[in-house]
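Good morning, and thank you for joining this group meeting. I would ask everyone to keep the sequence and the model in view during the presentation.

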Amino acid sequence: MYQATPLIKTDPLIKKDTFFEKLTAILIRILVLIFGFMAFFPQVNPGRIMEKINVNTSLFTTALSYETLTGNFGLIMRRGWLTSGNIYFLMACAAVILLGIALCAVGACMSLGNRRMQRLACAFPLSGSALTLLSAFGISYLFKTLSESKNAKALELIFPNALYIFIAFSAVILILSIIRLIQLRGPVEAQMEMEEKYRLFLMLLPVLLLAFVFSYLPIYGWRYAFFDYDVGDKLSRENFVAFKWFTFLFEGSAYRRDILRVLKNTLIMSGLGIATSWLPVAFAILLAEIRSSRFQRFVQTFTTIPNFISWVLVYSFALAIFSTDGFINSFLRNVLHISGANTDYLASADFTWIKMLFWGTWKGLGWSAIIYIAGISGIDQQLYEAARVDGANRFHCMWHITVPGLMGTYCVMLLMSIAGILSNGMEQYLVFSNPINKDVIEVLDLYVYNLGIKQGLVPISTVVGIFKSLVGITLLFSANGISKLVRGESII
């Protein structure tokens, strides 16, 4: 029987990793992963050496934000008790720790390759952990220097216990890296290689990290819902109130009326958006039917540009057109000589939902159509050729080929819209909001902003945010289940 020859020849002198060698590599990756997470959590910030440094300052913020560190240091810096050099030294130490963590992360990623790549990968956690240890001792030196100064009591120094954690992690990673380097002695491959599945994973890793930082890390802020918290206070056992704010929100008649009102606004505006979600599909199909490629590019560019205009500028355009002294009223007064033309269309609460739908459609139509334009380009062109041979005209091709070809993409986008029915953004409604239309334009996201930022009711706004997220997750899985029953397809 014929047996295929493997494409890659393996050297019999190169041994495979033993169980203990694999365990060492796995331990290094796990420790580096935890190490990286600690840079974003304020509770384990080794750079918080003074009480006046905000308790919500993480190592990442310590390294990058001078203003955050010096926000409460006005008096002691004016009197010279603490200098800018001390702050910059602290920031430099934090930045070097971040650099060390980044080097360890590079080594952990490279350890997924063959033995030659793993041997080179050991150099990164070795140098990274050494840099972290050096910076940790630098922070300790700064603390000792400040504590020995004559103004130590005024500085309100506290030794960061998290420094011990970083030193311990760095030492363990350093020792494991040395052990791993010893394990990799002997013959290695001629060139560095990595399996395709690991290469694809590392390509996706930056996206996963961004999703973690901007989507999952903020969930850590949900803890404010369980404390009687005021801005600037600390979270402690004394102000822990468990589910007090959950019951208070739904038992209070005033808050209950407000929630029902903003839910009504949110559901109606999101419902209008879902009802008109076919517009980008129609626009993409009509755009694809334009024969002139130059005119097609012009239309696509012209309709996509509004997506990159901020809502503040959009409101300034609207103000210049629809305000009392705007273009429309000026045209009616000066050209048509209508004396009573002084209506402020933006201040009126009439048809607010339709107005917001119009502005949202104008701003996002071209951008939303991009995914459907890409879907049209992926449809097999032989289907159109076969249809034309059978006598189909352009309308028949659109209706029987293009539309069915886009239905899968449209259903996925529709399910995502249903899942985010309570999350229709804040910026648009914030800039168009005024005391006259506040009752009909305030959606859930804007309500959370008004509670947390304007009124300082952080626990209640956090409870509303948690409620919104849980409802969104429930709607996503419900819509996905319905899609699986009806269409036999699932997006999760």
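Helices here are DSSP runs of H or I with at least four residues, numbered from the N terminus. With that convention in place, S170 lies in helix α9. Please bear in mind that what we are viewing is a predicted model.

Let us remain with S170 for a moment. Is S170 buried or exposed? S170 counts as buried because its relative accessibility is 0%, where the cut-off for buried is under 20%. Not counting residues up to four places away in sequence, S170 touches F35, S129, T132 and L133.

Three of those names lead us to the next helix. S129, T132 and L133 are among the buried residues of α7, a set that also includes P125, G128, I139, F143 and L146. Helix α7 has 25 residues and reaches 36 Å from its first C-alpha to its last, close to the 36 Å expected at 1.5 Å a residue. Which elements do the buried residues of α7 pack against? They pack against α1, α5, α6, α8 and α9, with α6 covering residues 115-121.

I turn now to the nonpolar cores. The largest nonpolar core has 40 residues, and I49, M50, L59 and L82 touch the most other members. Two or more residues of this core come from each of α1 (19-38), α2 (59-64), α5 (84-110), α7 (123-147), α8 (152-155) and α9 (162-183). The largest share, 10 residues, is given by α5. Taking L82 as an example, and leaving aside its neighbours within four places in sequence, we find contacts with M50, F73, I76, M77, I87, L146 and L155. Apart from this core lies another, of 17 residues, among them F246, L263, I421 and V464.

Leaving aside neighbours within four places in sequence, L267 is in contact with I421 and L422. Residue L267 lies in helix α12, which covers residues 253-275. L267 counts as partly exposed, because its relative accessibility is 42%. The C-alpha atoms of L267 and S236 are separated by 37 Å, although the two residues are 31 residues apart along the chain.

The aromatic residues deserve a section of their own. A pair of aromatic rings is described by the distance of the centres and the angle of the planes. How many aromatic pairs does the structure hold? It holds 27 aromatic pairs. F159 and Y164 form a tilted pair, at 5.3 Å centre to centre with 45° between the planes. F159 counts as partly exposed because its relative accessibility is 27%. W359 and W362, by contrast, form an edge-to-face pair, at 6.1 Å centre to centre with 90° between the planes. These two tryptophans both lie in helix α17 (residues 352-368), 3 residues apart, about one turn of the helix. An α-helix has 3.6 residues a turn, so residues three or four places apart point the same way. W359 counts as buried at 10% relative accessibility, whereas W362 counts as partly exposed at 36%. Ring pairs link W359 and W362 with W311, Y315, F322, Y345, F358 and F432 into a cluster.

Two lysines are also placed over rings. K363 lies over the face of W311, at 5.1 Å from the ring centre. K244 lies over the face of W245, at 4.6 Å from the ring centre.

Next, the cysteines. A disulfide is a covalent bond between the sulfur atoms of two cysteines. The structure holds 0 disulfides. C122 counts as buried, at 4% relative accessibility, and C397 is buried with a relative accessible area of 5%.

Finally, I draw attention to two backbone angles. Most residues other than glycine have a negative phi. In A242, however, phi is near 55°, a positive value. A242 lies in the loop between α10 (196-216) and α11 (244-251), and is partly exposed with a relative accessible area of 26%. Phi of F351 is also positive, near 55°. F351 is found in the loop between α16 (327-334) and α17, and it counts as exposed because its relative accessibility is 66%.

How values were computed:
Residues numbered from 1 in each chain as written. Predicted model: local features only at pLDDT ≥ 70, side-chain atom pairs only at ≥ 80, totals over all residues. Heavy atoms only, no water. Buried < 20%, exposed > 50% of the residue type's maximum accessible area, 1.4 Å probe, protein only. Contact = heavy atoms within 4.5 Å. Core = buried A, V, L, I, M, F, W, Y, C linked by side-chain atoms within 4.5 Å. Phe/Tyr/Trp six-rings, centres within 6.5 Å; stacked < 30°, edge-to-face > 60°. Lys NZ or Arg CZ within 6 Å of the ring centre and 35° of its normal. Expected span 1.5 Å × (residues − 1). Disulfide = S-S within 2.5 Å.
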